[in-house]
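Here is a short report for a reader meeting this structure for the first time. Keep the sequence and the 3D view open while reading.

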Amino acid sequence: MSSIDFDVAIIGGGLVGCMTAYALRKRGRSVVVLERGHVGGESSGVSFGSLRLQGQHDAELPLALRAQDIWESIEAELGESVEFVRHGHVHLALNAEHHARLENNARQCRAQGMDITLLDRDMTLRRWPFLSGEVVASSWSSRDAVVNPRLVAPAFARAAQRHGAIIREGVNVLGVEHGGGRFSLHGRTGDGAVEIITCEALINAAGAWSGTLAAQFGETIPLFAAGPAELVTEPVPPFAAPVMHVVDGSILFRQTSRGNVIIAGHPRLSVDAEARRSRVPPDKIVTNLARLVAIVPKMRAHHVIRSWTGIEGYVEDMMPVLGPSATTPGLYHACAFSGHGLQLGPAAAVAIAELITDGATTMPIAPFDIRRFFASGQPRTLHLAEEFQDDVRSPHIGRG
Amino acid sequence: MECRSRLLQTPALTRIVIVGAGPAGIAAAELLSRASVEVTLIDEALHPGGQYHRAPASGLNLDMGRLLGAGYVEYKTFHKDAAAVCAKVDYRPGMLAWSVHGGAVHVASRSATQALGFDALILATGATDRIMPVPGWTLPGVFTLGGAQALLKDQGCLIGRRVVVCGSSPLLYLAAVQYLRAGGEVAAVIDTTRFLDKLRALPDMLVAPNVLSSGLRHLVELKRRGVKIVHGATIDVFEGEGRVAAVLCTLPNAAPLRIACDAVAYGHGLRPETQLAELAGCALRYDAVQRNHVPDTDLDGRAGQGIYIAGDGGTIGGGQAAAVSGSLAAAAVLRDFGLSTVDIDLAARRRLLQRLRRFQRGLATAFRWPSERAMLLDDAVILCRCENVTFGEVRAALDQQGGTAEVNRIKAASRCGMGRCQGRFCGAGLAEVVAASAQQSDRERDRLRVQAPIKPLPISLAMDVSP
């Protein structure tokens, strides 16, 4: 059997895999992306589409800001639209505890040089008169933006291809061997043909399914799958320019340029990563609509036309696993983005590409080292009950 | 003790839900009500009948006898039976079944939503018009055949004064006859099916002589009243400024024909409403004769996991087949759940159903879905009317995509199928454009994946829910 040789192989053609392929081609490395389904066909295409900066954790914010630099010129660079619009992000507080969170977030963001405006109830309602009196305060961040996530991975895949990357869809990686400083991948195509690909560096960008490959090299990523609950309405006349986001994540919405209102709301759903099946339960749809109407009463006059979710990979500290393997030279992880893959993606891709080509990166990725799971210490404090439904399967989140 | 065991065996413990009160749903409910099991019958409309036996809106005194002619006896019998059945079961009109999830049907009225748990679910969801776009098809005055008929039967309204009925469907003749009877003028019936193809399908159609003869009666009535009928024409354009004013077509001898009108009713047969079946987890398969995706069932309608499919929502078969399949599905439920049996001749009904389906296969072969049109239509023609997406935009998305083309990806890139109807009307055309680009005319067509809600859901219904 013949084998094809590349400098780098990337397992997973989601947005991170495609962005990394693009970044590597710009640095002259030969690259193949192996995607078992379609490019961007899993969680990459199903997210809310927010490039949110405010409220990001301290550890992530420096990388998030570097990512935003890239996002802000991405359409010129790719030569096509991904519906990037910088119209800011509003965190809403519905009670005193939320309000305290806004103030805390604002302090952290301002420390990183971000432009944050805190508004009291009156100022909030004057600026966005469609909001109800449930809102007690808000925080406005001007640099945050949105993109259409459906378009992102395919656009990067095309850009990578134009630069000479090979994007292979419908290829299932059956096994990976490592020896003599090289990896050897056995892939099976849709028509059953088996092919061998060899490479010097291997990138694990397999999203919710990244744990399997890591485990094969003796590394445990405490990964679990969950899905966002997304809804979309029929197009309605323009009213809400920025992303509106109750700070506990219980409801967030934005209006697309077409007029549709996209609605999401945590906690995230349990999904079946094995069967690759995911749906938003009807009671969740109704609950989120009720939450929406509570803060935007005028939405009651409209209709919701579709729901969807996807299979995202999470870890308990809600930060990506990004960087070299702790066991295997040449293996890199770019996974477990915990719902932040869209925003962080371009910077994560550059970080991995730099690590492979230069052996070091200027990107601030130290907090995302896989070894953090082996180290003892105080875990990051999170509101996990807000983030995940009780039935989300996690080996690490203690239940009842 | 004896009392308790009787309680345990009482059929009321088996929760049976039927969605749809057309011929299939009513036949299923009728049989189950005879077996004295408890049934909940959900229907989106305010009156039983479905599309086939649609009744006028309350308070409207329409002369249905005149409209339906020989079909009136069947209509009257249906509504008499349906009224009796609806009185015996838990009948809930005006309810949209918007999802099936976790062993429950989720139903909504304008102001509330409710989960109805079931042990057995009979989906009798019927069909809608299947459309291949024509230049000008989104002009005001252009209706689908089914839409035009619904307006007539439900509201007593004509879609125009001078109507062209056209497309590829046996319903052309029925719709045209009903328009004449209602006092409308039918400018022409333009049937894109060649007369020869209809003759070729005769052997299959002879298995159901009653249905065939009612179709022929319509043809004769149209001829007698001097309606122009064209066979084997190609529809080129629905022309007009602000409203349709004429249909332009090309006759089989290549001569152009222009027919002035102020309204058009058109369609290319029917497509089953399979969304709830898909959400319920039923496998769908591509039927290469009907060129539709249909739930995979046995002859009685079993689709696995307590799900049963009856009527046109399973396989397009017409009103009579729907009623037969409804009773077969109900009998299958009784049997599968060990409930009381009802004395009907299952074997005879299965034979009848097979005969009626063979007839429909004949119809589907004769009145072909014009898949090749998707390749020929100009880039400027609108494919997705909800999102105003043209054939050209879909083709550009296909070019950009390269590699394997698949309808759900093209939807994501072009917005085709992303609007209010969620691809129920553009999905069939989209599948053809994608197949044409892959030059795989024999390949199974793709289909757009469904998600809840299956139809637009009013956000107001969440008002009573505490957030």
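Into which domains is chain A divided? Chain A has domain 1 (3-46 + 150-223 + 316-380) and domain 2 (89-142 + 228-309). Their C-alpha centres lie 31 Å apart. The contact between them takes four residues from domain 1 of chain A and five residues from domain 2 of chain A. On the domain 1 side, three of the residues are nonpolar, one is polar and none is charged.

This is a predicted model. The mean pLDDT of chain A is 94. In that chain, 96% of residues reach 70 or more. Residues 395-400 of chain A are another matter, with pLDDT below 50. Beyond near neighbours in sequence, this stretch has eight contacts in the model. Where pLDDT is low, the predicted coordinates should not be read in detail.

**Chain B as a whole**

Chain B holds 16 helices and 23 strands. Its radius of gyration is 22 Å, close to the 23 Å that the globule rule gives for 467 residues, so chain B is as compact as a globular protein of that length. The C-alpha trace of chain B spans about 85 × 55 × 45 Å along its principal axes. Of the 467 residues, 52% count as buried. Take the contacts in chain B between residues at least 6 apart in sequence: 69% of them join residues at least 24 apart.

The domain assignment gives chain B the parts in this table.

| Domain of chain B | Residues |
|---|---|
| Domain 1 | residues 2-128 + 271-364 |
| Domain 2 | residues 131-268 |
| Domain 3 | residues 373-437 |

The C-alpha centres of domain 1 of chain B and domain 3 of chain B are separated by 33 Å.

**Where the chains meet**

How many residues of chain B are in contact with chain A? There are 27, and they touch 27 residues of chain A. On the chain B side, the elements giving two or more residues are β4 (96-101), β6 (113-117), α15 (407-414) and β23 (457-458). The largest share, three residues, comes from α15(B). By class, this side of chain B has 13 nonpolar, eleven polar and three charged residues.

Strand pairing also crosses between the chains. Strand β17 (residues 303-308) of chain A pairs with β23(B) in the antiparallel sense, over two bridges. A:Val304 has B:Leu457 as its bridge partner in β23(B).

**A closer look at β4(B)**

Is β4(B) largely enclosed or exposed? Six of its six residues are buried, so β4(B) is largely enclosed by the rest of the structure.

Within chain B, β4(B) runs antiparallel to strand β5 (residues 104-108), joined by five bridges. One of the partners is B:Val107 in β5(B), which is bridged to B:Ala97.

**Helix α14(B)**

Which residues of helix α14 (residues 391-401) of chain B are buried? They are B:Phe391, B:Glu393, B:Val394, B:Ala397 and B:Gln401. An α-helix has 3.6 residues a turn, so residues three or four places apart point the same way. The buried residues of α14(B) pack against β21 (382-384), β22 (389-390), α15 and α16 (427-437) of chain B. One of these elements, α15(B), also gives the largest share of the side of chain B that touches chain A.

How values were computed: Residues are numbered from 1 along each chain as its sequence is written. Chains are lettered from A and ligands numbered from 1 in the order in which they are written. This is a predicted model: local features need pLDDT of at least 70, side-chain atom pairs count only at pLDDT 80 or more; totals for chains, interfaces and linings use all residues. pLDDT is the predictor's confidence in each residue, from 0 to 100. Two residues are in contact if their C-beta atoms, placed from the backbone, lie within 7 Å. Helices (H or I, at least four residues) and strands (E, at least two) are DSSP runs, numbered from the N terminus. The radius of gyration is taken over C-alpha atoms; the globule rule is 2.2 Å times the number of residues to the power 0.38. A residue is buried if 20 or more other C-beta atoms lie within 10 Å of its own, exposed if 12 or fewer, and partly exposed in between; C-beta atoms are placed from the backbone. Ala, Val, Leu, Ile, Met, Phe, Trp, Tyr, Cys and Pro count as nonpolar, Asp, Glu, Lys and Arg as charged, and the others, Gly among them, as polar. Two strands pair if DSSP finds at least two bridges between them. Domain bounds come from an automatic or database domain assignment.
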